[in-house]
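Dear colleague,

I am passing on the structure that we spoke about, and below it you will find my notes on what came out of it. Please read them with the model open beside you.

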Amino acid sequence: VITKIVRYVKSLDSEACQMSVLEIKAIKNIGIGDRVCVDTCNNINLSEGLLVGNSSQGMFLVHAENIENPYVAPRPFRINAGAVHSYVRVPGGKTRYLGELKTGDPVLIVTKDGGTYTSYVGRSKIEKRPMLVVYATDSDGSEHSVILQNAETIRLTAPDGTAVSVAALKPGDRVLGYR
């Protein structure tokens with residue numbers, strides 16, 4: 001019964017996002033920048049994350065840090081989301097700048113299928129990190145980009161929901177996004 005109640009309460013905050021497949025065209029290292037790490041008040045499941053992009057017209061599904069790896073322990077509540085100037089999708093069909101997020105602010109957690117639920121920022125920290133730009137196109141040929149930390153533990157989401165490290169991305173790869 002409790003599980004059904006939790007599911008119902010989550011569905012009240014839900015809004016659908018029509019996910020798109022983006023094809024990677026190029027990846028470019030750009031040096032050091034200010035990266036925003038968002039710790040949420042929820043443990044985030046596999047195939048879920050935040051929609052982030054250089055434009056509100058084209059965003060990438062940045063996967064939560066809930067994958068085992070040899071570098072750091074999984075932190076299923078965390079998303080190393082991107083550069084301070086980036087847009088992030090929040091509830092109500094709106095966006096915010098990542099650098100503006102504060103404790104208690106709502107963010108929209110998005111699944112690979114476009115389902116959503118609201119979580120809240122527990123903390124947001126900005127740190128200097130090596131950065132890269134990911135360039136991609138959608139099925140209409142429109143170009144989209146996102147600036148992310150250049151590290152093996154930073155991942156986008158493939159169409160089947162698997163997490164893809166930005167360090168392993170190459171032209172021709174496909175990832176999920178929203179336009």
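Let me begin with Met 131, which counts as buried because its relative accessibility is 3% (buried means under 20% relative accessible area, exposed over 50%, and partly exposed in between, with a 1.4 Å probe and protein chains only). Met 131 belongs to strand β8, residues 116-137, where helices (H or I, at least four residues) and strands (E, at least two) are DSSP runs numbered from the N terminus. In sequence, Met 131 is 99 residues away from Ile 32, yet their C-alpha atoms are 5.7 Å apart in space.

Some words on the basis of these notes: the model is predicted, so that local features need pLDDT of at least 70 and side-chain atom pairs count only at pLDDT 80 or more, whereas totals for chains, interfaces and linings use all residues. Residues are numbered from 1 along each chain as its sequence is written, and side-chain values use heavy atoms, with hydrogens and water left out.

The C-alpha trace spans about 50 × 35 × 30 Å along its principal axes, and 47% of the 179 residues are buried. If one takes the contacts (heavy atoms within 4.5 Å) between residues at least 6 apart in sequence, 65% of them join residues at least 24 apart.

Turning to the strands, β12 (residues 174-178) has four of its five residues buried. Strand β1 (residues 19-40) pairs with β12 in the antiparallel sense over five bridges, two strands being paired if DSSP finds at least two bridges between them, and in this arrangement Met 19 stands opposite Tyr 178. Strand β3 (residues 58-63) also runs antiparallel to β12 and is joined to β12 by two bridges, with Phe 60 having Gly 177 as its bridge partner.

A further antiparallel pair is made by β5 and strand β6 (residues 94-97), which four bridges join; here Val 88 is opposite Arg 96 in β6. The hairpin of these two strands has three residues between them, and Gly 92 in that hairpin takes a positive phi near 85°.

Two serines in loops may also be of interest to you. Ser 86 sits in the loop between β4 (78-83) and β5 (87-90), and Ser 86 counts as buried because its relative accessibility is 0%. Leaving aside residues up to four places away in sequence, Ser 86 touches Val 52, Gly 53, Asn 54, Arg 96, Tyr 97, Leu 98 and Ile 147. Ser 47, for its part, is found in the loop between β1 and β2 (48-55), and at 14% relative accessibility Ser 47 is likewise counted as buried. Although Ser 47 is not a glycine, its phi is positive, at about 70°.

With best regards
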